[in-house]
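Please read it beside the coordinates.

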Amino acid sequence: MIPYGRQDITQDDIDAVVDVLKSDYLTQGPMVPRFEQSVAQHVGASHALAVNSATSALHIACLALGLGAGDRLWTTPVTFVASANCGLYCGAEVDFVDIDPRTYNLCPQALERKLEQAEREGKLPKVVVPVHLCGQPCDMQAIHALAQRYGFKVIEDASHAIGGKYQGEFIGNCHYSDITVFSFHPVKIITTAEGGMALTNDAELANKMALLRSHGITRDPAQMTHEADGPWYYQQIDLGFNYRMTELQAALGVTQMERLDQYVARRHQLARRYDDLLAGLPVTTPWQHPDSYSGLHLYVIRLQLDQIGKTHRQAFEALRALGIGVNLHYIPVHTQPYYQRMSFQTGDFPEAERYYAEAISLPMFQTMSEEQQDQVIAALREVVQA
Ligand SMILES: *Cc1c(COP(=O)(O)O)cnc(C)c1O
């Protein structure tokens, strides 16, 4: 089975991890700050906090922005559940904004309409989480302008988008957001096995997130309520968690980062080849915004079902039977049973649901060969033309 995504681990990666295993520190050593610096420098953000997953990064990002009970977080329904769950962790209410049918990202016009109504009802969100689906950046300038007008904070869920660019600048520079989050799960663009990172240009938010990822404990005398009792002393000044990344993970992250640009370039080669070779088939290939450079975590096609003598599910199953590890990103979050218990209903976000009824993620990973890609295309041809 050709998987839809997979990691690339080189001898450099293995050596880096083995070196850490033989070193003094398996956690809380020098590698985590080195990895943080390497990502912050690459994307152009002032502060980076490595944590044990993007889910944890989203959680502490929400808390640092003061999200709590009685507040609202809005995101897109077409995302992994973590983009929404972070609001619930904080006791906030979660709601969704339907997608743009061309980019599949949260639609800025739909956001504006929903904000106008929310303002009339006194129900404005405190935090909005745009997700750069497949790596393609959202219309951040428009979202930022709305954030200024309506006073909400913005967390970019860039789990799919490290190495991508918006308006010529790397995603993660937080130019149009308060905090940006990356994921380093093995299916994503670079990996630390499990792992995530929160980036920001705001020193206060960075400090808050640093506390929250490690129990709310500080060793900085300047932050303590009174003078240290002695050299052993630390203080817990907030309620935090253990969301720390290990040194092994960070070492892997550092060597993976060295190949990031190469990885994204390879993904673009594969995407252009898919675009060319799928032309003429009854499928919609992903639209790419001319002003942006996608991280291309995923390559999602939509089936033109009126021209294919099969249902979406039949086509999906036929591809799997032919050894193509297709997948579906994502089941709209508002249709999940947990969210339906909160009164969301099927039909609430029609563009998201239409997308779900047609979308298929084709294999896309940096080590994919052209032979493998040809196999995917041949299988697709057979399935959609039969
Ligand atoms: C993968 C993913 C996450 C969660 O990442 P983890 O590192 O696995 O916690 C969150 N949001 C999106 C959009 C993702 O794709």
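1. A salt bridge is a side-chain nitrogen of Lys or Arg within 4 Å of a carboxyl oxygen of Asp or Glu. By this criterion D8, D13 and R259 are joined in a network of salt bridges, and a search of the whole structure returns 12 salt bridges.

2. On provenance: this is a predicted model, in which local features need pLDDT of at least 70 and side-chain atom pairs count only at pLDDT 80 or more, whereas totals for chains, interfaces and linings use all residues. Residues are numbered from 1 along each chain as its sequence is written, and side-chain values use heavy atoms, with hydrogens and water left out.

3. The ligand site deserves attention. A residue is near a molecule or strand if one of its heavy atoms lies within 4 Å of it. There are 15 residues around the ligand, of which T55, D157, H160, S183 and K188 come nearest. The shell comprises five nonpolar, eight polar and two charged residues; here Ala, Val, Leu, Ile, Met, Phe, Trp, Tyr, Cys and Pro count as nonpolar, Asp, Glu, Lys and Arg as charged, and the others, Gly among them, as polar. Helices α3 (54-64) and α4 (82-89) each contribute at least two residues to this shell, where helices (H or I, at least four residues) and strands (E, at least two) are DSSP runs numbered from the N terminus.

4. Which atoms of the protein lie 2.9 Å and 2.8 Å from ligand oxygen atoms? A polar backbone atom of A54 is 2.9 Å from an oxygen atom of the ligand, and an N or O atom in the side chain of S183 is 2.8 Å from an oxygen atom of the ligand. A ligand nitrogen atom is 3.4 Å from an N or O atom in the side chain of S159. The protein covers 93% of the 380 Å² of accessible area that the ligand has on its own; accessible areas come from the Shrake-Rupley method with a 1.4 Å probe, and for residues only the protein chains shown count as cover.

5. R273 takes part in two of the listed pairings, with E370 and with D374. The closest N and O atoms are 3.5 Å apart for E370 and R273. This pair links distant parts of the chain, as E370 belongs to helix α13 (residues 370-385) and R273 to helix α9, 97 residues apart. For R273 and D374 the closest N and O atoms are 2.9 Å apart, and these residues, in helices α9 and α13, are 101 residues apart. E370 is partly exposed at 38% relative accessible area, as is D374 at 35%; buried means under 20%, exposed over 50%, and partly exposed in between (1.4 Å probe, protein chains only).

6. A local pairing is found in helix α10 (residues 312-321). The side chains of R313 and E317 form a salt bridge at 3.0 Å, N to O. Because these residues are four apart in the helix, about one helical turn separates R313 and E317. R313 is exposed, with a relative accessible area of 61%, whereas E317 is partly exposed at 42%.

7. L26 is in the loop between α1 (11-21) and α2 (31-43) and counts as partly exposed at 43% relative accessibility. E258 lies in the loop between α8 (247-257) and α9 (260-278) and is exposed at 58%.

Terms used. Polar contact = N/O pair within 3.5 Å; in protein donor to acceptor, adjacent residues only side chain to side chain.
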